[in-house]
Amino acid sequence: MNRDRQAELAENTPFFGHLGIEILQAHEGRARLKVSFRECLTHPFGYLHGGVIASLADSAGVNAVLSLLGDDEVAYTLEMKINFFRPTKDETIEAEGVVIHKGRRSAGADVAVTDRAGRMVAKALVTCALA
């Protein structure tokens, strides 16, 4: 899928806008996305909510897979496993997804979520169905 098509899909995804997810790059089986800290995305203790981090990881994995597909193909999440390692607040986080398997019907991506200092916030494995 070409970059313009991925950018168009992201712009037309209300959830991306709600969370403030931005695609920094997506090509050749890799994708880097970011989300900036906002108070409305926190849990009661002031840290970025785990659901936001998981959504960013999922989106990075799917966009890495999409970068290997044609414009008329789709990928959607079948399963995701995530481990959280450190809480984060008051900063932008990034997720980098790398495709580790692509078959005819499914693909998998390894995703690392890091803070501004490059420390691991979370690690995810995203499995996508291809159609």
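1. A quick term before we start: a salt bridge here is a side-chain nitrogen of Lys or Arg within 4 Å of a carboxyl oxygen of Asp or Glu. Side chains of opposite charge can pair when their charged atoms come close. Glutamate 96 and arginine 30 make such a bridge, with N to O at 3.2 Å. That pair ties together distant parts of the chain, since glutamate 96 sits in strand S4 (residues 93-102) and arginine 30 in strand S2 (residues 30-35), 66 residues apart.

2. Some ground rules. This is a predicted model, where local features need pLDDT of at least 70 and side-chain atom pairs count only at pLDDT 80 or more, while totals for chains, interfaces and linings use all residues. Residues are numbered from 1 along each chain as its sequence is written, and side-chain values use heavy atoms, with hydrogens and water left out.

3. Now the overall layout. You'll find three helices and six strands in the chain, and along the sequence they run α-α-β-β-α-β-β-β-β. The radius of gyration (taken over C-alpha atoms) is 14 Å, close to the 14 Å from the globule rule (2.2 Å times the number of residues to the power 0.38) for 131 residues, so the chain is as compact as a globular protein of that length. Helices (H or I, at least four residues) and strands (E, at least two) are DSSP runs, numbered from the N terminus.

4. Back to the salt bridges: the structure has four. Another one joins glutamate 94 and arginine 32, whose closest N and O atoms are 2.7 Å apart. Here too distant parts of the chain are linked, with glutamate 94 in strand S4 and arginine 32 in strand S2, 62 residues apart.

5. How covered are these residues? Buried means under 20% relative accessible area, exposed over 50%, and partly exposed in between (1.4 Å probe, protein chains only). Glutamate 94 is partly exposed because its relative accessibility is 28%, and arginine 32 is partly exposed at 25%.

6. Aspartate 115 and arginine 119 form a salt bridge as well, with the closest N and O atoms 2.7 Å apart. Aspartate 115 counts as buried because its relative accessibility is 6%, whereas arginine 119 is partly exposed at 40%.

7. Last, a look at contacts, meaning heavy atoms within 4.5 Å. Among those in the chain between residues at least 6 apart in sequence, 62% join residues at least 24 apart. As for burial, buried residues make up 40% of the 131 residues in the chain.
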